[in-house]
Amino acid sequence: MASKRMKASEFPPEVLGLFDKYVHGMIDRRGFLDGAAKFATGGLTAVAMFEALRPRYAWARQVEPDDARIRQDYVTYDSPAGSGTMRGYMARPAGGGTRAAVLVIHENRGLNPYIEDVVRRFAAADFLAFGPDALTPLGGYPGNDDDGREMQSRLERDTMVEDFHAAAEFLMGHSESTGRVGAVGFCFGGGVVGTLATRLPDLGAGVPFYGSQPPAEAVPAIRAPLMIQYAGLDERINLGWPAFDAALSANGKTYSMHMYGGVNHGFHNDTTPRYDEAAASLAQARTIDFFDHYLR
């Protein structure tokens, strides 16, 4: 079961809801298994569902590390108001020169192979792309999402925001950057994109994917145009949209929102059954077009 890429539609919605709670630390593995057992049928046991929903990193290889279009390496940068010296994954077009830059902010589990592949995707689209690892102070991403999630839960969100803030400034001043920087983030990272938009007046553009929204009182400080991407079935995150929409509109901000019907939180992440190829491909294309428009 675990080796086969299943679709979200093959799972009871309640099981997907339980897995969302597990991924976000609201329940532990036992809590998922106990809840999922009520929906087990035939060979699809609670354990089989858990294993099938866990990430398969090899599925995320849309752009290989040795792709001739890009150059990639790991670099460090300073975060004096955060954790000190930080590490991240950088990729850029192979041809050299300066490019508009994209900061890629990971989910709540560190710089895993999926996020590294997203970094390469933006490099292949002719951006200087950088994905910092918030887990650097604890030794970096540990090689699996479960341990990564536990490690990230031990870090203060405010400190991690400072580290991503410093990463954006690092990109703005990088010798291979034009100084124009956009930020894209997923889940936890989507929330960080919203926060950075309220803090960085020079942010060129922001694309949060299914992330928590900044408070209404912080919205007046936003200057960057935003393109907000939501999953239609993501009730938990979508609850915050009406207030955010109202605050953005009331303050005359430049923004758009895309709601992808019938898909789950995490639909862009192609390592789990929650991935939706059509929605993810459309959202990625829209993101690149948005950055092309505002950063070039």
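**Cavities, pockets and a helix**

Analyst: This is a predicted model. Helix 7 and strand 7 (226-231) each give at least two residues to the lining of the second largest cavity.

User: How much space lies in the second largest cavity?
Analyst: Its lining includes Gly190, Gly194, Ile228 and Tyr230. The space in the second largest cavity is about 50 Å³.

User: How many charged residues does the lining of the second largest cavity have?
Analyst: Sort the lining of the second largest cavity by class. Five residues are nonpolar and five are polar.

User: Which elements give two or more residues to the lining of the largest cavity?
Analyst: The largest cavity holds about 80 Å³ of space. Among its lining residues are Phe19, Tyr22, Asp145, Asp146 and Arg149. The elements that give two or more residues are helix 1 and helix 5.

User: How many residues of the lining of the largest cavity are charged?
Analyst: Five residues of this lining are nonpolar and one is polar. The charged residues of the lining number six.

User: Which residues of helix 5 are buried?
Analyst: Helix 5 covers residues 145-153. Buried here means under 20% relative accessible area. The buried residues of helix 5 are Asp145, Gly148, Arg149, Met151 and Gln152.

User: Which helices do the buried residues of helix 5 pack against?
Analyst: Contact means heavy atoms within 4.5 Å. The buried residues of helix 5 pack against helix 1 (13-23), helix 6 (157-172) and helix 7 (188-199).

User: Which residue caps the N-terminal end of helix 5?
Analyst: Look at the backbone nitrogen of Asp146. A side-chain oxygen lies 3.3 Å from this nitrogen. The oxygen belongs to the capping residue, Asn144.

User: Which element gives the largest share of the lining of the largest pocket?
Analyst: The largest pocket has about 470 Å³ of space. Its lining has 22 residues, and Arg149 is one of those nearest its centre. The largest share, five residues, comes from helix 5.

User: Which element gives the largest share of the lining of the second largest pocket?
Analyst: The second largest pocket has a volume of about 360 Å³. Among the residues closest to its centre are Pro13, Leu16 and Gly17. The largest share, seven residues, comes from helix 1.

How values were computed:
Residues are numbered from 1 along each chain as its sequence is written. This is a predicted model: local features need pLDDT of at least 70, side-chain atom pairs count only at pLDDT 80 or more; totals for chains, interfaces and linings use all residues. Side-chain values use heavy atoms; hydrogens and water are left out. Buried means under 20% relative accessible area, exposed over 50%, partly exposed in between (1.4 Å probe, protein chains only). Helices (H or I, at least four residues) and strands (E, at least two) are DSSP runs, numbered from the N terminus. A polar contact is a pair of N or O atoms within 3.5 Å; within protein, one must be able to donate a hydrogen and the other to accept it, and residues adjacent in sequence count only if both atoms are side-chain atoms. On a 1 Å grid over the protein atoms alone, a cavity is a set of points where a 1.4 Å probe fits but cannot get out, and a pocket is an open set with protein on both sides within 12 Å along at least five of seven lines; lining residues have an atom within 4 Å of a point. Grid points are joined across faces, edges and corners, and a volume is the space filled by probe spheres set on the points. Ala, Val, Leu, Ile, Met, Phe, Trp, Tyr, Cys and Pro count as nonpolar, Asp, Glu, Lys and Arg as charged, and the others, Gly among them, as polar.
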